[in-house]
Number of protein chains: 2
Amino acid sequence: MPLDSKILCLGALDAGFNTGYDIRKAFEEGPFQLYQSLSYGSIYPALNALLAEGLATCTEQAQDGRPDKKVYAITDAGRVALRQALVRRFAFDRLRSDFMFAIAFAHLMSPDQVSTLLDEYAQGYRDLAHTLAKETGTPPPGRQFLLDMGREGCLSWARCIEEHRSALEEALRTGPGPDDNAIKAPAEEEPATPSRLTEAAAATTAAGSP
Amino acid sequence: MPLDSKILCLGALDAGFNTGYDIRKAFEEGPFQLYQSLSYGSIYPALNALLAEGLATCTEQAQDGRPDKKVYAITDAGRVALRQALVRRFAFDRLRSDFMFAIAFAHLMSPDQVSTLLDEYAQGYRDLAHTLAKETGTPPPGRQFLLDMGREGCLSWARCIEEHRSALEEALRTGPGPDDNAIKAPAEEEPATPSRLTEAAAATTAAGSP
DNA sequence: GTAGACATGTAATTCGTTACATGATTCT
DNA sequence: AGAATCATGTAACGAATTACATGTCTAC
C-alpha cells in the first residue's frame, strides 16, 4: 500500500501547486521529482476524485491568452486525510535503476561501453543536483530537508561512482577476455539452431525500437 | 521502455540464480534488491517465455524431500539478447520514496512523529547496508561494483539523514505552531459541512485499512 | 502442532503510463 | 513557419503485484 495518486496530489496542493499542470511540474522538474512520479493520466482523475470527496475545492479562472485554468485548493478535510496517510507505515524505498542492473553485466560489454555508461550515469546525477539547487524560495522545514537531501544525495552518489569506477575498469582490463566470449561452446542440451538465434535477436531489437 | 521481467530474469540466470525460487531471492534479499524488484507472478511466466524463445534451457530435477526443481540456464541466444538489451538507452533512475515525500509535510506532523520516522528511515538504510555486506563470494567486477555502491550508498544516505535532521527538528521546535493548526479557519468558498468532513475522513480511513 | 523454508504456477485486480484529442499564444 | 508552453481531459493498453492453489519436510 504505497501512497497513491490522490495523496500525492493532496500533498502537492498543500505545497502550493494548484493546477493539474503545475502539479505535474512539481513531480517532473520540481521538489518531488527525485522521490515520486505522477503523470497527467493520474493527476486529473485524482483531482476530480478529491473534489467529489470534498478534500479539495476548485475555482475556474479564465485567462487572457492562455486556456482556462482550474485552480484547486486543499480543504481542512483534505489536510486531515493527508495527515492520516502520513501516519501509516510506509513501504521501504525502492530504487529502480536500469543503469546499475546493466553495470552488473559489465563482463558482457566492451570496456568502452562501460566507461561511457558510467560517464553518462554520473553526469545524470550531477545534473539532477544542479536542478534541485535552482529551487527558490523559503519552503517549510520539511520541504527544505527534501531539497537538501536531494542535492547532497545526488552529489554523493555521483562521487561514489567516480570512486569505484577505477576498480571496475581496471578489473575489466586485466581480467579474463573482457568481450571476446561472444559465442562460447554451445550448450549440449537443446542445440540452439541458427534460425532460433537470429529470430531471438531480431525479436529483441524490434521490441526495443518502437 | 524500462528493462522488463524477461531481461531481468535473463540477467539473474547469467548471475547464477537458476530456479524461479532463487531468482526471486536475488531480487528480494540478494545483490539486485536495491536496484530492481520482481515477484513470482512475473518470474515464472517470464521463465516460460524465455524457454519458448530459446533464450534459456530447463532441466527438471527431482529432489529427496523438497519439491521438484526446474533448473534453468541461459543459452547463447539468451546472452545475445541480454547484451542487446544492455546497449539500449536507459530511462534514468527513479527512486520511489514514500518516506521522503512524507517528511516534506513535517509541518503537519507532531515533532515526535517526525523524529520517529527519521529514526526508522535511517535505520532501514543501515540495515540494508549490513545485508549487502553479508554477500559472499568473488563475483565478476560488475556485480562487485553493484555491491560496493550499494553498501556505501546506503550508509552515506543514512549519514545524510543524520546530518540534516537536526536542522529540521530545530526548525519544527522554534517555528510556527508546529501541530496546533489541526483545524484552521474554514475556507469561505464551499463551506465544508461537518457531514462532508467526517464522511471524507471515514472514507480515507476505510481506504487505508483493507 | 505450527510456523517457515522449499517449490511452482495462475488469475484477477490494481495501477499507472502512453497516446490521443483540442486549441491558442509566444518564441525562434 | 514550426516548435514549445500553457492547459485539461479520456481511453486503451501494459505491466506488475496480490492472492490463491498445492504439498512436503524440518525446526522449534
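Predicted model: local features only at pLDDT ≥ 70, side-chain atom pairs only at ≥ 80, totals over all residues.
## Cavities

Searching the whole structure gives 2 cavities of 30 Å³ or more. The volume of the largest cavity is about 300 Å³. Its lining consists of 18 residues, and those closest to the centre are L95(A), Y125(A), W157(A), L95(B) and W157(B).

Helix α7 (141-174) of chain A and helix α7 (141-174) of chain B each contribute at least two residues to the lining of the largest cavity. The most comes from α7(B), which supplies 6 residues. By residue class, the lining of the largest cavity has 12 nonpolar and 6 polar residues, and no charged ones.

## Helix α2 of chain A

Helix α2 of chain A spans residues 20-28, and its buried residues are G20(A), I23(A), A26(A) and F27(A). These residues lie on the same side of α2(A), because the arc they cover around the axis is only 115 degrees.

The partners of this buried set come from both chains: the buried residues of α2(A) pack against α1 (5-14) and α3 (40-52) of chain A, and also against α5 (98-103) of chain B. F27(A), one of the buried residues of α2(A), also belongs to an aromatic cluster with F17(A), F32(A), F101(B) and F105(B).

## Aromatic pairs

Over all chains, the structure holds 28 aromatic pairs. One of them joins Y121(A) and Y125(A): the ring centres are 5.5 Å apart and the planes stand at 80 degrees, so this pair is edge-to-face. Y121(A) and Y125(A) are both buried. Y125(A) is also among the lining residues closest to the centre of the largest cavity.

Another pair is formed by Y40(B) and Y44(B), with ring centres 5.7 Å apart and planes at 25 degrees, so the pair is stacked. Y40(B) and Y44(B) are 4 residues apart in helix α3 (residues 40-52) of chain B, which means that about one helical turn separates them. Y40(B) counts as partly exposed because its relative accessibility is 29%. Y44(B), at 37% relative accessibility, likewise counts as partly exposed.

Conventions: Residues numbered from 1 in each chain as written. Chains lettered and ligands numbered in written order. Heavy atoms only, no water. 1 Å grid on protein atoms, 1.4 Å probe; cavity = no way out; pocket = protein on both sides within 12 Å on 5 of 7 lines; lining within 4 Å. Points joined across faces, edges and corners; volume = space filled by probe spheres on them. Nonpolar A, V, L, I, M, F, W, Y, C, P; charged D, E, K, R; others polar. Buried < 20%, exposed > 50% of the residue type's maximum accessible area, 1.4 Å probe, protein only. Arc of directions from axis to C-beta. Contact = heavy atoms within 4.5 Å. Phe/Tyr/Trp six-rings, centres within 6.5 Å; stacked < 30°, edge-to-face > 60°.
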